[in-house]
Amino acid sequence: MVRDMLFSKEGNKTPLQSMMLIDTLQHMGLDHLFKEEIGSTLSSIYDNFTHQTHHGHNLFESSLFFRLFRQNGYLVSPKMLKKFIDKNGEFKLASSKDIKGLMSLYEASHLNIGEDILRKGKEFSSKHLWDSIEWLDNKHANQVKETLDHPYHMSIQRYKARRYISMHQDDHENGCKDVVLFELAKYEFNVVQLLHQRELDAILSWWKKTGLALELSFVRDQPLKWYMGPLAMVPQPHHSKCRIELTKAIAFIYIIDDIFDVHGTLDELSLFTQVINKWDVSAIDNLPNYMKVCFNALYNVTNEIVEITLKEYGWNPINILSKSWGKLCNAFLQEAKWFASKQVPNKDEYLRNAVTSSGVFIVIVHLFFLMGQGLTLENIQHIENEPSFVSKSGTILRLWDDLGSAKDENQKGFDGSYLELYMKEHQECTAKEAQDHVMVMISRTWEALNKESFTQSSFPQPLINANLNLAKMVRVMYSYNDDNHHLPMLDDYIISLLHHPL
């Protein structure tokens, strides 16, 4: 009934009306329910627009067209925005009061793959949107601020959907069709939230049964935080088992990180790394007890994931999964050796190693097998070599982590910082200039990740989207407040996605 109401041909929607409907469905978190209809609608619009010399009559329509089609894999160029550029190569001031157009341009600018016009568009729209907050009424000022703080491409969809529904559900201009959509969106959000709550209960129960919080009392005890990554990466109901098993793998990234950072001696860490690389239970005899406990628990969880993959998809990933843990420990050990010997690597050498020690590779490799899509020999060999779309997310995570705001209250070890090394090599620059440089690096890495994601043809799109979502969560997971003890953005995500129904 809702499907017929939205996509029936009787209404003879204009291309703009169809694009606005798709945009609304995305912002409500309902687009996954109408994949086929959205795909055929976009295809029809694109076929018609390819025969036209212009794409949209105004800034809003042009920017919306560009964003929807680029994020859906169409080869579209931002050159369509050139008509809003003056003879000096800047956006025309006439657009500076077009709030709807500026918001659309700002959203589109985040799908940049290295284009200067989109960088200028982001700078132009951001400046004038922030200025507009002072003279807009409260309702529209709040909508502008929401766009600036949480652009769609940089936000986790369920979090964005919750905020969109709360902000717009009482709009007086909503018609009957919109009321039905809002009710459907609230129902869908609440049903999926209940599923996520049950998953969290299962994870908390698993974590308690492992006894690791007691046996390894020095490691972080944060199963809720560990679950938020998988929840953001693959939120769809049918990925329930993926989220639970992936959380278990992520738990061991944190556990092993703490072993290397705050507890193990260099000799112990070297032995532990050797055992992980051998992946042999009989090799643990010489390890201290706390490392035996960790290895046995990791070994069991990894075999559990192997059994799931073997049973459901017919592939045995034990070699790749075990090698991924060896790769992580090798990177951790390299950092431990650097700082135990007071040997300081150069910033580029540090970052190459730190991308591996970020743990992103572990997460994506495990998710690849748990999702079970695209399991070909070619893809398996490719992912084993850490494809660049994975390393881009690892770079974003490491640079955010190293900005200096991400010092976890339970971590007393010192494990280096790209920011610190950059300042050592550029002693003339201030801390603010170094931070600005790292922010530009993050922005450029995002552009490279976008390009990889929009043009990737080998791996299945759900895995590419999950990797993008992981990169989106980095800012949430590593934006500490001033006392470095709390993550206000993460707290807001937890409350919004897990605790309060709509």
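The buried residues of helix α5 are I99, G101, L102, M103, S104, L105, Y106, E107, A108 and S109, where buried means under 20% relative accessible area, exposed means over 50%, and partly exposed lies in between, computed with a 1.4 Å probe and the protein chains only. Helices here are DSSP runs of H or I with at least four residues, strands are runs of E with at least two, and both are numbered from the N terminus. Ten of the eleven residues of α5, which covers residues 99-109, are buried, so this helix is largely enclosed by the rest of the structure. What does the cover over the buried residues of α5 include? Among the covering elements are α2 (15-28), α4 (59-71), α6 (116-132), α7 (138-149) and α8 (157-168), and contact, as I use the word throughout, means heavy atoms within 4.5 Å.

Before I go on, please keep in mind that this is a predicted model, in which local features need pLDDT of at least 70 and side-chain atom pairs count only at pLDDT 80 or more, while totals for chains, interfaces and linings use all residues. Residues are numbered from 1 along each chain as its sequence is written, and side-chain values use heavy atoms, with hydrogens and water left out.

Let me now step back to the whole chain. The chain has 23 helices and zero strands. For 502 residues a compact globule would have a radius of gyration near 23 Å, and the chain, at 24 Å, agrees with that; the radius is taken over C-alpha atoms, and the globule rule is 2.2 Å times the number of residues to the power 0.38. Along the principal axes, the C-alpha atoms fill a box of roughly 75 × 60 × 45 Å. Of the 502 residues, 56% are buried, and among contacts with a separation of 6 or more, 70% are between residues 24 or more positions apart. The accessible surface comes to about 22,800 Å², with 51% of that belonging to carbon and sulfur atoms, as computed by the Shrake-Rupley method with a 1.4 Å probe, where for residues only the protein chains shown count as cover.

Turning to charge, there are 52 positive and 63 negative side chains, and the centres of the two sets lie 3 Å apart. Lys and Arg count as positive and Asp and Glu as negative, with His and the chain ends not counted, and each charge is placed at NZ of Lys, CZ of Arg, CG of Asp or CD of Glu.

If a salt bridge is a side-chain nitrogen of Lys or Arg within 4 Å of a carboxyl oxygen of Asp or Glu, how many does the model contain? The count comes to 24 salt bridges. One of them joins the side chains of E146 and R163, at 2.9 Å from N to O. E146 lies in helix α7 and R163 in helix α8, so the pair ties together parts that are 17 residues apart in sequence. E146 counts as buried at 10% relative accessibility, whereas R163, at 28%, counts as partly exposed.

A further salt bridge links R220 with D257, whose closest N and O atoms are 3.0 Å apart. R220 sits in the loop between α10 (212-215) and α11 (223-233) and D257 in helix α12 (residues 240-263), so this pair ties together parts 37 residues apart in sequence. Both R220 and D257 are buried.

Within helix α19 (residues 388-401), R398 and D401 are three residues apart and are therefore separated by about one helical turn. Their salt bridge has its closest N and O atoms 2.7 Å apart, and R398 counts as buried at 8% relative accessibility, as does D401 at 17%. Salt bridges that share partners also join E146, K160, R163 and D492 into one network.

Finally, I would like to look at F295, which is placed in helix α14 (residues 289-313) and is buried, with a relative accessible area of 0%. Which residues does F295 contact, leaving aside its neighbours within four places in sequence? They are F272, V275, I276, W279, D280, V281 and I284. W279 belongs to the loop between α13 (266-278) and α14, counts as buried at 11% relative accessibility, and has a phi near 55°, a positive value in a residue other than glycine. K342 likewise has a positive phi, near 65°, but K342 lies in the loop between α15 (318-340) and α16 (347-357) and counts as exposed at 69% relative accessibility.
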